[in-house]
Amino acid sequence: MDPIRYALTFPASHTHYVHIRAEIPSAGRESIELSMAVWTPGSYLVREFSRHVESVTAESPGGSTLRVEKTAKNRWRVVTGGAPTVIVSYRVYGREMSVRTNWIESDFAFINGAPTFLTLAGEPRRPHEVSVVPASGWMHSITALDPGARPHTYCAPDYDTLVDSPILIGNPELHEFSIDGVRHALANAGDTTFFDAPRAVNDLEAIVRAHKEFWGSLPYPRYVFINLITEAGGGLEHARSSVLMTSRWATRSRKAYLRWLELASHELFHAWNVKRLRPIELGPFDYEREVFTPSLWMVEGITDYYGDVLVLRAGRSSAQEFLDSLSDKIEELQTTPGRGVRSMTQASMDAWIKLYRPDENTPNTAISYYTKGAVVAFLLDAKIRRATGGRRSLDEVMREAYARYSGSYGFTPDEFRALAEHVASIDLGAFWRTAIEGTDELDYSEALEVFGLQFRPANGTLNSKPKAWIGAMTKIDAGRLLIAQVKRETPAFSAGLNVDDEIVAIDQVRVRSDRLDERLEQYAPGDRISVLVARRDRLLSLDLVLGAEPPRVWRLEPRPA
Ligand SMILES: [Zn+2]
């Protein structure tokens, strides 16, 4: 099949536009239908990328103008007039700093496939070629796409590969290393002044080695970490690259740096888990509508667990740092009332309307399949170790799943469970029904025993009296103290405090917006108070019985010998 050929130019990058000229073969048809993706894999939300597309025009190779009609929110029909090739020109606005959108400015451009390239509707197997004309002063273009014959030209064998291969253009700092002859690069863009690149490269190298040891080999011919040092957050996996977003200060604090290493490790683990070993529903993709799978807990939760495990195995975190990261996840899960409402399989199915569309009630009605998935991976790992006397673990499940199901087929939920049962040589039906498909409280006792851990006893209760607690999250907005979130089964929930209520006074004495904690110190758990709030400007008084601030009981530590 003839390729679609795109040329990207940046005639005024400071205005945040990329200009695209696409040569599209018509194969003699009277008209061709072009489409733009409405979402991009790894990020489950319809994002309506076509809203940033402007001025779509078409002409024949001879220069005659061809008619273009909009046929849907993300589709255009071009009447070819018999032209064998149609030249379509348009521009795309990009100023959203996220891993799945476009960002174009005077310093650099970060271009994703889904929000950029119009393609022939229904012909995803066709090759797509891209040539980039960097803006004046820009030296490099970095992408995992295979290079073409000339500088800044690239080839994708199909539309999926094009979408899976973001392009960074500008003057990124490139740091390269090889593992067993496979080239890896860390491409730092943004403010690189304070980011300790030599240290980051050294640690990444150790982490890639740990992943290679885990899986047995590297699945790609080369790999790029695109690291955007732009004070934004997030990461996104691709088959031969990943995008990381971080702060200029990320290497300056141990905690922030460890988060960055764990993020890089998480995205790298996806090069196997989801980009090659995947749930059956996650490919081939329909880029014009949602795709639903119950298995995102496996895709994201197991990846999150191993992201941290492999930083530890690479010797880049301490055992206590690993336990602290895992404790954060357990603590988040165990203090989120939504764990009793929605299972992980339900949360996976509802990613499009829940995880990517959070609101003030989310903690009461949902859990993150990242968080619970990682915790359940930890429990499953322990269960397999216990059942096999330590001879096998979740490691073998992942390696065996990769051997069986990576490639074009994908696995069903039943196949993955059967494989885990095969490795563990036990029936995991009850565990699956409660921990994965159910909302029962998780049982940590087995994992604590297998790994020699305990939850740190909540101290302080003997020496200091428990603090009075209303159990709502507050925020200060324009000097006003507002309720931001009310979790179920808290004093605030029982008293009828609502999100957006402004706390004005407690017991007829005004509460200054920054003094709530100080005021609550005047009371003890069990005291009854009267809270004066302004709700849509009307004052009302609510009776509230103060609770005791819950102690932190979900912090892991090694069990004393
Ligand atoms: Zn992920």
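The model is a predicted one, where local features need pLDDT of at least 70, side-chain atom pairs count only at pLDDT 80 or more, and totals for chains, interfaces and linings use all residues. Numbering runs from 1 along each chain as its sequence is written, and side-chain values use heavy atoms, with hydrogens and water left out.

**Zinc site**

- His-266 (NE2), His-270 (NE2) and Glu-300 (OE) coordinate the zinc ion at 2.0 to 2.1 Å.
- Donors here are N, O and S atoms within 2.8 Å of the metal (3.2 Å for Na, K and Ca), and since water is not among the atoms, sites may look incomplete.
- Along the sequence, the zinc donors follow the spacing H-x3-H-x29-E.
- That ties together distant parts of the chain: His-266 sits in helix α3 (residues 254-269) and Glu-300 in helix α4 (residues 296-313), 34 residues apart.
- Helices (H or I, at least four residues) and strands (E, at least two) are DSSP runs, numbered from the N terminus.
- Both His-266 and Glu-300 are buried, a label for under 20% relative accessible area, with exposed being over 50% and partly exposed in between (1.4 Å probe, protein chains only).

**Largest pocket**

- The largest pocket holds about 1,200 Å³ of space.
- A pocket is an open set of points on a 1 Å grid over the protein atoms alone, with protein on both sides within 12 Å along at least five of seven lines; a cavity is a set where a 1.4 Å probe fits but cannot get out, and lining residues have an atom within 4 Å of a point.
- Points are joined across faces, edges and corners, and a volume is the space filled by probe spheres set on them.
- Its lining runs to 46 residues, with Thr-335, Trp-469, Gly-471, Lys-487 and Pro-550 nearest the centre of the largest pocket.
- By class, that lining has 22 nonpolar, 10 polar and 14 charged residues.
- Nonpolar covers Ala, Val, Leu, Ile, Met, Phe, Trp, Tyr, Cys and Pro, charged covers Asp, Glu, Lys and Arg, and the others, Gly among them, are polar.

**Second largest pocket**

- The second largest pocket has a volume of about 840 Å³.
- The lining splits into 9 nonpolar, 11 polar and 11 charged residues.

**Cavity**

- Searching the whole structure turns up 1 cavity of 30 Å³ or more.
- Tyr-305, Asp-308, Phe-322, Leu-326, Lys-329 and Ala-374 line the largest cavity, and α5 gives the most, with 3 residues.

**Two buried residues**

- Asp-381 lies in helix α8 and counts as buried at 1% relative accessibility.
- The Asp-381 side chain makes a polar contact with that of Tyr-305 (2.7 Å).
- A polar contact is a pair of N or O atoms within 3.5 Å; within protein, one must be able to donate a hydrogen and the other to accept it, and residues adjacent in sequence count only if both atoms are side-chain atoms.
- Ser-98, in the loop between β8 (85-93) and β9 (103-104), is buried, with a relative accessible area of 6%.
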